Amino acid sequence: REGEDLAANLSLYRSGAPYDGLVKAVTAAAWVGLTSMDAWIAYLALNHIIPSQPSLYIVAITVTTTLSVLLGTFLFSPRGFELTWKGLVIKRPLKSFVIPYNEIVAVERVRIPRSGIRLFASGGIHGFFGLFRLKGIGRVWMYVTDRNKGILIKTRRGVQYIISPENPDAFLDVLKAMLGKTGNSEKPLRS
């Protein structure tokens, strides 16, 4: 049994998730902007420009908020994608997860619309990830670090995902091959 679990989790194909220019710019601006704000508030507190009683609370709140935003988005951001015998793994520093092959009914390259609504998501800090509503696609869970490399994945339960592997065409070819090997052929796969 242990050998079966090991084989099921064996990575057959790995892909990184490099940032595109927009993700780099938004992430850098967030880090610089928020840490600069923290430094400015700490400076004001240390020089008694802010009254001493609330200054401790103000510094604590701003630092906590900054750490929550910057580290929280990093911990749930896509760091890579893997194809295993079990399914497609979305790698994150915290809580990676698997989309089993037997759940996938369609995969295709997709141009990610520039307009949409973030329902519960990061809009560029460490990537575009979380739940979005996109024009022409609908409700979709995105795990994207490069908006030009999207692959749309549709599941039996109607859940949709968009991922952005480093080399999307090669990733899509291997994913389709794995879907064929696992007998997932109820519906024809679109490309």
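**Entry 1: the chain as a whole**

I began with burial, and I noted that 40% of the 191 residues of the chain count as buried, keeping in mind that I am working with a predicted model. I then looked up the accessible surface of the chain, which comes to about 10600 Å², with 60% of that belonging to carbon and sulfur atoms. Turning to the secondary structure, I listed 4 helices and 10 strands, and reading along the sequence I wrote down the pattern α-β-α-α-β-β-β-β-β-β-β-β-β-α. I also checked contacts between residues at least 6 apart in sequence, and found that 55% of them join residues at least 24 apart.

**Entry 2: the open sheet**

In what order do the 4 strands of the open sheet lie? I traced them as 1-2-3-4, with antiparallel pairing, and I recalled that strands of a sheet pair through backbone hydrogen bonds, either parallel or antiparallel. The edges are strand 1 (11-16) and strand 4 (97-100), each of which pairs on one side only. On average, and ignoring direction, neighbouring strands of this sheet are turned by 20 degrees against each other. I then followed strand 2 (residues 80-84) and strand 3 (residues 87-91), which run antiparallel and are joined by 4 bridges; Glu82, for instance, has Val89 in strand 3 as its bridge partner.

**Entry 3: the hairpin**

Next I looked at strand 6 (residues 116-124) and strand 7 (residues 127-134), an antiparallel pair joined by 8 bridges. Within this pair I located Arg118, which stands opposite Phe132 in strand 7. Strand 6 and strand 7 form a hairpin with 2 residues between them, and in the turn I noted His126, whose phi is positive at about 65 degrees.

**Entry 4: the nonpolar cores**

Which residues have the most contacts inside the largest nonpolar core? I found Leu88, Ile104, Ile153, Ile163 and Leu175, in a core of 20 residues. The elements giving two or more residues to this core are strand 2, strand 3, strand 5 (104-109), strand 9 (151-155), strand 10 (160-163) and helix 4 (168-181), and helix 4 gives the most, with 5 residues. Apart from this core I found another, of 12 residues, which include Val110, Leu134, Ile137 and Met142.

**Entry 5: around Ile163**

Finally I returned to Ile163 and left aside its neighbours within four places in sequence; among the residues in contact with Ile163 I then counted in Phe81, Leu88, Ile90, Tyr143, Ile153 and Phe171.

Terms used: Residues numbered from 1 in each chain as written. Predicted model: local features only at pLDDT ≥ 70, side-chain atom pairs only at ≥ 80, totals over all residues. Heavy atoms only, no water. Pairing = 2+ DSSP bridges. Axes fitted to C-alpha atoms, helices over the stretch in contact; angles between N-to-C directions. Core = buried A, V, L, I, M, F, W, Y, C linked by side-chain atoms within 4.5 Å. Buried < 20%, exposed > 50% of the residue type's maximum accessible area, 1.4 Å probe, protein only. Contact = heavy atoms within 4.5 Å. Areas by Shrake-Rupley, 256 points an atom, 1.4 Å probe, with all protein chains shown as cover.
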